[in-house]
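Work through the exercises below with the model open. Try each task before reading its solution.

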Amino acid sequence: MAHSAQRDELLAAVHEMDRLGLVSGTSGNVSVRIDVPSDPDAFLITPAALPYPAMTPDQLVPLNGDLEPVEGDGVPSSESLLHLAIYRARPDVGAVMHTHSVYATALGVANRSLPPIVDELVVYVGGGVELAEYGFPGTVELARAGVDALGDRRAVLIPHHGMFAVADTAFEALRVCALVERVAQVFINAEAIGGAIRVPRSSFEAERRVYLKRAGLG
Ligand SMILES: [Zn+2]
């Protein structure tokens with residue numbers, strides 16, 4: 001079985017995502033880029049509709065840039081198209097995690113984006129988290145809308161659905177998901193007691209510069 005180290009690392013992040021309650025049941029999906037000769041868009045992704053606690057490394061599905069499995073007979077996640085669109089648009093990204101966490105999903109249900117209200121969010125995620133245009137799950141339209149709203153940042157909210165996070169590794173993507181979820185909770189609470197206020201503009205700009213430099217984008 002090829003890519004065994006990456007399978008183990010991806011699965012460890014998947015189990016932690018499940019343990020933290022960022023998804024329910026078999027929802028959500030996680031992928032990492034893999035080295036496949038002459039295919040820069042190949043990635044390894046969680047299978048469709050299999051429970052996370054009992055998931056094994058051999059059940060993860062390696063896909064090429066045409067979304068065809070390159071090994072095994074597993075069925076890839078139904079959101080593979082959005083993972084592929086992100087890898088194509090963002091050469092800096094090595095891993096993608098999609099969760100249905102409660103507060104991030106609540107923002108998308110209320111048609112709200114997450115403004116840059118916490119310093120850490122700007123430094124680590126690159127700013128606020130934009131809300132994508134609506135698209136039916138698993139479609140090209142949703143893939144396009146997700147990539148557009150992601151921009152050069154590390155997270156995007158998907159209306160009536162959940163969120164996507166991107167990073168170098170699956171564990172880093174997990175940290176982004178957990179941070180966005182916590183800041184979404186803070187935002188909703190702050191709105192309930194008088195209104196959330198953005199990070200001051202001068203701090204925002206300095207923090208964006210730190211983010212872009214660390215991400216190798218600036
Ligand atoms: Zn989903």
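**Exercise 1. Which residues coordinate the zinc ion, and at what distances?**

Step 1. List the donors (N, O and S atoms within 2.8 Å of the metal, or 3.2 Å for Na, K and Ca; water is not among the atoms, so sites may look incomplete). They are H98 (NE2), H100 (NE2) and H161 (NE2), at 2.0 to 2.1 Å.

Step 2. Write the spacing in sequence: H-x1-H-x60-H.

Step 3. Check burial. H98 and H161 are both buried (under 20% relative accessible area, 1.4 Å probe, protein chains only).

The model is predicted: local features need pLDDT of at least 70, side-chain atom pairs count only at pLDDT 80 or more, and totals for chains, interfaces and linings use all residues. Residues are numbered from 1 along each chain as its sequence is written, and side-chain values use heavy atoms, with hydrogens and water left out.

**Exercise 2. Describe how helix α2 packs against helix α5.**

Step 1. Take the geometry. Helix α2 (residues 80–89) and helix α5 (residues 140–150) pack at about 40°, with axes 9 Å apart.

Step 2. List contacts (heavy atoms within 4.5 Å). L81, L82, A85, I86 and A89 of α2 meet V140, L142, A143, G146, V147 and L150 of α5.

Key
Axes are lines fitted to C-alpha atoms, for helices over the stretch in contact, and angles run from 0 to 180 degrees between N-to-C directions. Helices (H or I, at least four residues) and strands (E, at least two) are DSSP runs, numbered from the N terminus. Buried means under 20% relative accessible area, exposed over 50%, partly exposed in between (1.4 Å probe, protein chains only).
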